[in-house]
Amino acid sequence: MSALTELYQEIARCQQCGIAKTRNRVVPGEGAEDAEILFIGEAPGWHEDQQGRPFVGPAGQYLDELLALIGLKREQVYIANVIKCRPAANRDPLPVEIRNCRQWLERQIEIISPRMIVTLGRYSMAMFFSGKSISKIHGTAQKRNDVIYYAMYHPAAALHQGSLRQEIEADMLKIPSILEQARAIPETEASPQQLKMFEV
Ligand code: URA
């Protein structure tokens with residue numbers, strides 16, 4: 001059994017938050033175990049909770065289109081979320097849920113060991129770019145311990161706001177050249193808050 005499949009079984013047994021009781025399916029994430037790029041969204045929505053798969057509703061269809069812009073299919077990357085269970089009525093994830101769930105994302109990062117981590121929206125951005133604003137840092141890359149961190153808007157937000165659509169598409173189109181020129185990106189020092197995440 002692959003390390004990720006074993007991890008999925010552990011995640012499925014997790015009962016740390018109340019939303020474990022209201023979820024239909026846990027949504028651990030999916031994609032290539034050796035993916036170069038890991039995309040991290042926010043939380044499963046209704047469609048994801050039904051299917052147990054990340055980004056399969058309208059935002060997911062748009063994410064597929066964004067990936068196609070750079071010639072990628074979702075099976076070639078890895079797609080995960082900050083939290084693995086759907087918050088009731090699509091409310092925002094609670095800080096305690098993010099804290100409880102963080103261990104799973106850390107283990108996913110450890111197993112996949114991606115070259116690039118792309119945050120989608122402000123919840124995943126906050127885990128890696130503490131105290132930053134998405135409107136300022138989207139589309140800019142940072143490198144720490146040889147991993148590139150790159151913030152993008154959430155596809156669901158871009159889907160509903162025409163101006164963000166152009167921005168998210170432009171940001172996606174930059175990814176191939178960032179990967180190509182990764183060596184030229186200077187290493188940034190992590191803040192103490194970020195260090196725990198980067199130790200994985
Ligand atoms: N939005 C997310 O952040 N994640 C999903 O899996 C689906 C929609």
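Which residue in β6 stands opposite Arg 144?

Modeller: Happy to! It is Val 147 that faces Arg 144 from β6. Before we go on, two notes on how to read all this. The model is a predicted one, so local features need pLDDT of at least 70 and side-chain atom pairs count only at pLDDT 80 or more, while totals for chains, interfaces and linings use all residues. Residues are numbered from 1 along each chain as its sequence is written, and side-chain values use heavy atoms, with hydrogens and water left out.

Let's stay with your pair for a moment. Strand β6 covers residues 147-152, and its pairing with β5 is antiparallel over 4 bridges. (Strands are DSSP runs of E with at least two residues, helices are runs of H or I with at least four, and both are numbered from the N terminus; two strands pair if DSSP finds at least two bridges between them.) Together β5 and β6 make a hairpin with 2 residues between the strands. One turn residue, Asn 145, has a positive phi of about 45 degrees.

Gly 31 has Tyr 78 as its bridge partner in β3, and Glu 30 has Ile 79. Strand β2 (residues 37-41) also pairs with β3, but in the parallel sense and over 4 bridges; here Gly 41 stands opposite Asn 81.

What about the two faces of β3, residues 78-81? Both are covered: Tyr 78 and Ala 80 are buried on one side, and Ile 79 and Asn 81 are buried on the other. (Buried means under 20% relative accessible area, exposed means over 50%, and partly exposed is in between, using a 1.4 Å probe and protein chains only.)

Next comes β4, residues 116-120, where you will find Thr 119. Its relative accessibility is 0%, so Thr 119 counts as buried. Leaving out residues up to four places away in sequence, Thr 119 touches Ile 40, Ser 124, Met 125, Phe 128, Phe 129, Tyr 150, Ala 151 and Met 152. (Contact means heavy atoms within 4.5 Å.)

Finally, look at the packing around these strands. The largest nonpolar core has 61 residues, and those touching the most other members are Ile 37, Phe 39, Met 116, Val 118, Met 172 and Ile 175. (Such a core is a set of buried Ala, Val, Leu, Ile, Met, Phe, Trp, Tyr and Cys residues joined through side-chain atoms within 4.5 Å.) Take Met 172: apart from neighbours within four places in sequence, Met 172 is in contact with Phe 39, Leu 63, Leu 66, Leu 67, Ile 70 and Met 152. In soluble globular proteins, nonpolar side chains tend to be buried together.
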